[in-house]
Amino acid sequence: MEKAYNFDTVSQYNSFNNHETLHPLVSIVDFSKAKERTGSRMTFGLYCIFLKEVHCGDLKYGCNYYDYEEGTLVFISPGQVIDVENKVDFYQPMGHGLVFHPDLIKGTALSKILDDYSFFSYNTTEALHLSEKERKIVFDCFSKIESELRQSVDKHSKKLIASNIELFLNYCERFYDRQFITRENVNKGILERFEELLNSYFKSEKPYSIGLPSVAYFAEELHLSANYFGDLIKKETGKSAQEYIQNKIIDIAKNKIFDSSKTINEIAFELGFKYPQHFSRLFKNRVGVTPNEYRNG
């Protein structure tokens, strides 16, 4: 039977990986020190960033599978569950990881902006693939954090560790930006598919049955996490996914308004609005006039 582990503290995760605990709330883990193991299911109460350097089975994360290759960074936030499947044989884990408890950053500048690092909510299929140069930067950041952990604790320790984690996450943002650019062809395909899905949504009965389409709906249809999808659309178009959807609604609405056989209320319901006044408000905000003024103008 598959083994299941819960990791709520840094010391639990260190023990699992045969690692010394230098600080109760944060650790840099060298997986080569861990004992050989087989696939397992792990639930985390910690933030973890893993840079694995060995193929270690198919990673199941949410409902998606990911062939966890060498040189990829995967981000995990508290409450997430990871399955390493199809790995019956023992293997030696290799690579490094940064693991920290949410309490570590309480009261620091990082705690106010941690939610801005949206890649913690990406699927593992959207992991970050590093170049050799980027890997060196990651190791440099890890080594700065580890050297701080090996110092005796003083009043500066917490701030310096949190600052170094923030620096590392800022580099990861840069690397993701680079990945969005280098995968431009793939992204263009996603954008085209999104456009197709939007068009078919409004040609179907879905606005009546589901209502207005959400960002999460299209992300799911495209097998992407909502955050990754949102970031990709923003990078490709300069607009948020929500704005993109609203622009499409206004575009379709403009055509419908010229059909004088339909009332503005009927058009609002056809587009998926529950309340016609919400449609009129959005239209006025976007176009500068009300739907009726647009029709009569």
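**A predicted chain of helices and strands**

Gly95 is a buried residue, with a relative accessible area of 4%. In this predicted model, Gly95 belongs to strand 9, which covers residues 95–100. Leaving out residues up to four places away in sequence, Gly95 touches Val29, Asp30, Phe31 and Ser32, together with Leu51, Lys52 and Glu53.

Along the principal axes, the C-alpha atoms fill a box of roughly 75 × 45 × 35 Å. Of the 297 residues in the chain, 46% are buried. Contacts between residues at least 6 apart in sequence were also examined, and 72% of these join residues at least 24 apart.

Two packed helices are described by the angle between their axes and the distance between the axes. Helix 5 (residues 184–203) packs against helix 9 (residues 241–257) at an angle of about 45 degrees, and their axes are 11 Å apart. This angle makes helix 5 oblique to helix 9. The crossing of the two, helix 5 and helix 9, is right-handed. On the helix 5 side, the contact is formed by Leu191, Phe194, Glu195, Leu198, Asn199 and Phe202, which meet Ala241, Tyr244, Ile245, Lys248, Ile249 and Ile252 in helix 9. Sorted by class, the residues of this contact comprise 9 nonpolar, 1 polar and 2 charged.

The second pair joins helix 4 (residues 157–182) to helix 8, whose axes come within 11 Å and cross at roughly 65 degrees. Helix 4 and helix 8 are therefore roughly perpendicular to each other. As helix 4 passes helix 8, the crossing is right-handed. Here Tyr176, Asp177 and Phe180 in helix 4 meet Tyr228, Asp231, Leu232, Lys235 and Glu236 in helix 8. The class make-up of the contact between helix 4 and helix 8 is 4 nonpolar and 4 charged residues, with no polar ones.

Helix 8 spans residues 226–237 and includes Ala226. Ala226 is partly exposed, its relative accessible area being 36%. When neighbours within four places in sequence are set aside, Ala226 is in contact with Val215 and Ala219. Between Ala226 and Val215 there is a separation of 11 residues in sequence, and the distance in space is 6.7 Å from C-alpha to C-alpha.

His223 is not a glycine, yet it has a positive phi of about 60 degrees. With a relative accessibility of 60%, His223 counts as exposed. Asn18 also has a positive phi, of about 55 degrees, although it is not a glycine. Asn18 is found in the loop between helix 1 (10–16) and strand 2 (26–30). The relative accessible area of Asn18 is 42%, so this residue is partly exposed.

Finally, the cysteines deserve a look. A disulfide is a covalent bond between the sulfur atoms of two cysteines. A search of the whole structure turned up 0 disulfides. Is Cys48 buried or exposed? Cys48 counts as buried because its relative accessibility is 0%. Cys172 likewise counts as buried, at 0% relative accessibility.

Conventions:
Residues numbered from 1 in each chain as written. Predicted model: local features only at pLDDT ≥ 70, side-chain atom pairs only at ≥ 80, totals over all residues. Heavy atoms only, no water. Axes fitted to C-alpha atoms, helices over the stretch in contact; angles between N-to-C directions. Helix = DSSP H or I, 4+ residues; strand = E, 2+ residues; numbered from the N terminus. Parallel < 35°, antiparallel > 145°, perpendicular 65-115°, else oblique. Left-handed = near helix turned anticlockwise from the far one by under 90°. Contact = heavy atoms within 4.5 Å. Nonpolar A, V, L, I, M, F, W, Y, C, P; charged D, E, K, R; others polar. Disulfide = S-S within 2.5 Å. Buried < 20%, exposed > 50% of the residue type's maximum accessible area, 1.4 Å probe, protein only.
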